[in-house]
Amino acid sequence: MPTKAKALLLVLCGAIFLEGVDISMMGVALPAIRADLGLSTAALQWVVSGYVLGYGGFVLLGGRAADLLGRRRMFIGWLVVFIAFSGLGGLATEGWMLILARFATGVAAAFLAPAGLSIITTTFPEGRARDRAVLVYAGAAAGGFSLGMVVGGLLTSVDWRWVFFAPVVMAALLLAAAVPLVPRDTPATGRARFDVPGTLALTGAMLLLVVTVVHLPEVALSVTVATLAGSVALFAAFVAVQRRSAAPLMRLGILRSAPLLRANVGAFLLVGGFMGFQFVAVLYLQELRGWSEIETGLALAVIGIDAVLAPTLTPRLVARYGNQRVIAAGLVLVALAFAWFLPLGLTWSFVTLLPGLLAIGFGFALAYGPLTIAATDDVAAGEQGLASGILTTSFQFGSALGLAVTTAVVVANGSSTLDSYRAGLLVPVVALAIASLVALAGLRRVSTKVDQPVAVTTAPGRPH
C-alpha cells in the first residue's frame with residue numbers, strides 16, 4: 001500500500017475510532033455529569049440517547065448526501081461540525097444544553113461515518129487492498145469502543161468536561177491531516193434529491209417513542225398515550241413518504257428479505273441490551289459501590305476482548321460452522337452473561353464480575369460481525385449500501401430504546417438502589433432471550449433449506 005494511501009487510511013480510521021471512543025467513554029462519565037449538573041436518572045440517559053438518536057435518524061440521509069454532494073465535502077465539513085458541538089458539550093452548564101449538543105454531535109457523526117467508509121470503497125481498488133482497508137477500519141471502530149471506557153475513566157477522574165474536549169483536540173488533528181489527504185471527488189450531476197421529510201418523520205418518531213418509554217413511570221396516562229400516538233403517526237408518515245417520494249431513504253420492498261429482518265432484529269436487541277447493561281453497571285459500580293471512574297473503566301474494558309477475537313476467531317468459526325450458527329451461539333452466550341448479573345450483590349468483587357464480562361465480550365465477537373454479513377444476504381448489489389444503512393439505524397435506535405426501557409424500569413423501582421438495578425438488568429436479559437429465539441428460528445429455516453431437494457429454487461445468497 002503506497003505511503004499516501006496508508007496516511008489516508010490512518011485519517012479515516014482515526015475518525016471512526018473517535019466515534020467509538022466518543023460513545024463508550026460517555027457511559028463512564030455519566031455519574032460525574034449527574035453530580036455536577038444535577039440530572040435525574042431519566043434525564044441522564046438522554047446524554048447518550050441524544051447522540052444515538054441523532055446518529056440513527058440521519059445516517060441514511062448522510063449516506064445519500066455523500067454520494068450526491070461529494071464524499072470529501074461531507075467528511076471535512078461534518079468533521080468541523082463534530083468539533084464545534086463536542087466543544088459546546090464540554091462548556092454546557094445546564095442539562096438541556098449538554099443533551100442538545102450531543103444530539104447535534106450525533107447528526108454530525110451520521111454524515112461523517114458514511115462519507116468515511118465510502119471514501120475507502122471508492123479510493124482503494126477492489127480486491128485484497130480494499131478488503132484489508134475495510135478490516136483495519138472495522139478494527140479501529142471496535143478498538144475505539146473498547147478503549148473508550150478506559151479513556152473515559154481517566155479523563156473523568158480529572159474533569160468530566162475533558163470527555164468532550166479531548167475529542168475536539170483529536171478531531172482537529174484529523175481535520176488538519178484530512179484537508180491534504182482526502183481525494184477530491186466530483187459531486188453527482190443534476191439536481192440532488194433528498195428525502196428530508198422522511199428523515200424528519202423517522203427521527204421524530206424514534207424520539208417520541210423514547211420520550212414515551214423514559215417518562216412512563218413519571219407522567220399521567222394521558223401524556224403517555226399522546227406521545228405514543230404521536231410516535232405511531234410519525235412512523236406512519238415515514239412509510240407514506242417512502243411510498244411516494246421520488247428519492248426515498250428506504251425502498252420498503254427491501255424489508256421483504258427475511259435474513260435482513262432477522263439480522264436487524266438481532267442487532268437492535270443486542271446493542272439495546274448492552275447499552276442498558278452498561279448504564280446499570282456504571283451506576284452500580286460508581287454510585288452504589290463507590291468505585292472510581294478509572295476502576296470502572298478498567299473493569300468494563302474487559303468486554304473489549306471482542307476487538308481481539310472478532311477479526312481472529314470469528315472468521316474461522318463462520319467458515320467452519322456457518323454464519324447463522326455463530327450468530328445464534330453469540331446471542332445465547334450474551335443472554336447467559338447478562339443473566340449472570342441478575343443476583344447482583346453489594347459485596348461482589350471484580351473476580352465475581354469477571355466471568356460475565358468476559359462472556360459478554362466473547363458473545364459480542366461471535367454475533368456482531370456476522371450480523372452485518374447476514375443483513376446484506378440476499379440483497380442486490382445495488383442496495384448493499386441501503387441494507388448497511390438500515391442496519392446502522394437499527395444499531396443506533398436499539399441503543400436509544402434499550403437504554404430508555406432500562407432507565408424506565410430502574411426509575412419505576414426506586415432508582416439508585418440495588419433492587420432497582422436488579423430490575424433494570426432484566427431488560428437486557430429479556431432482550432437477548434428474544435434475540436436468541438429469533439436467531440434460532442432463522443437457524444431452523446436455514447437447516448430446512450439445506451435439507452430441501454436440489455430442484456427447489458432458492459434465492460442466491462452471498463457466500464460467507
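1. R34 is buried, because its relative accessible area is 14%. Buried means under 20% relative accessible area, exposed means over 50%, and partly exposed lies in between (1.4 Å probe, protein chains only). This is a predicted model: local features need pLDDT of at least 70, side-chain atom pairs count only at pLDDT 80 or more, and totals for chains, interfaces and linings use all residues. Residues are numbered from 1 along each chain as its sequence is written, and side-chain values use heavy atoms, with hydrogens and water left out.

2. What does R34 pair with? R34 forms a salt bridge with E287, and the closest N and O atoms are 2.8 Å apart. The pair links distant parts of the chain: R34 sits in helix α1 and E287 in helix α10 (residues 258-288), 253 residues apart. E287 counts as partly exposed, because its relative accessibility is 33%. A salt bridge here is a side-chain nitrogen of Lys or Arg within 4 Å of a carboxyl oxygen of Asp or Glu. Helices (H or I, at least four residues) and strands (E, at least two) are DSSP runs, numbered from the N terminus.

3. How many salt bridges does a search of the whole structure find? The search finds four. One of them joins D22 and R102, with the closest N and O atoms 2.9 Å apart. D22 lies in helix α1 (residues 3-37) and R102 in helix α5 (residues 95-123), so this pair ties together parts that are 80 residues apart in sequence. Both D22 and R102 are buried.

4. D36 and R161 also meet through their side chains in a salt bridge (3.7 Å, N to O). D36 is in helix α1, while R161 is in the loop between α6 (128-158) and α7 (162-181), so the pair ties together parts 125 residues apart in sequence. D36 counts as partly exposed at 45% relative accessibility. R161 is buried, with a relative accessible area of 18%.

5. Now S24, which is found in helix α1. Is S24 buried or exposed? S24 is buried, because its relative accessible area is 0%. Leaving aside neighbours within four places in sequence, S24 is in contact (heavy atoms within 4.5 Å) with G144, F145, G148, M149 and Q278.

6. Next, the nonpolar cores. A nonpolar core is a set of buried Ala, Val, Leu, Ile, Met, Phe, Trp, Tyr and Cys residues joined through side-chain atoms within 4.5 Å. The largest has 71 residues, of which I33, F277, F341, I360 and L432 touch the most other members. Its largest share, 15 residues, comes from α10. Leaving aside neighbours within four places in sequence, L432 is in contact with residues including L269, L270, G273 and F338. Apart from this core lies another, of 69 residues, among them L9, V11, V107 and A408.

7. Helix α9 (residues 221-244) has 24 residues, which at 1.5 Å a residue should span 34 Å. The expected span is 1.5 Å times one less than the number of residues. The end C-alpha atoms of α9 are 35 Å apart, which agrees. The buried residues of α9 are T224, T227, S231, F238 and Q242. Their cover includes α8 (196-214).

8. Last, the surface. V332, L336, L437 and L440 make a nonpolar surface patch of about 350 Å². Patches are made of residues with over 30% relative accessible area and no salt bridge: like charges are joined within 9 Å, nonpolar side chains (Val, Leu, Ile, Met, Phe, Trp, Tyr) within 5 Å. Accessible areas come from the Shrake-Rupley method with a 1.4 Å probe; for residues, only the protein chains shown count as cover. Helices α14 (323-340) and α17 (418-451) each supply at least two residues of the patch. L336, in helix α14, is exposed, with a relative accessible area of 57%.
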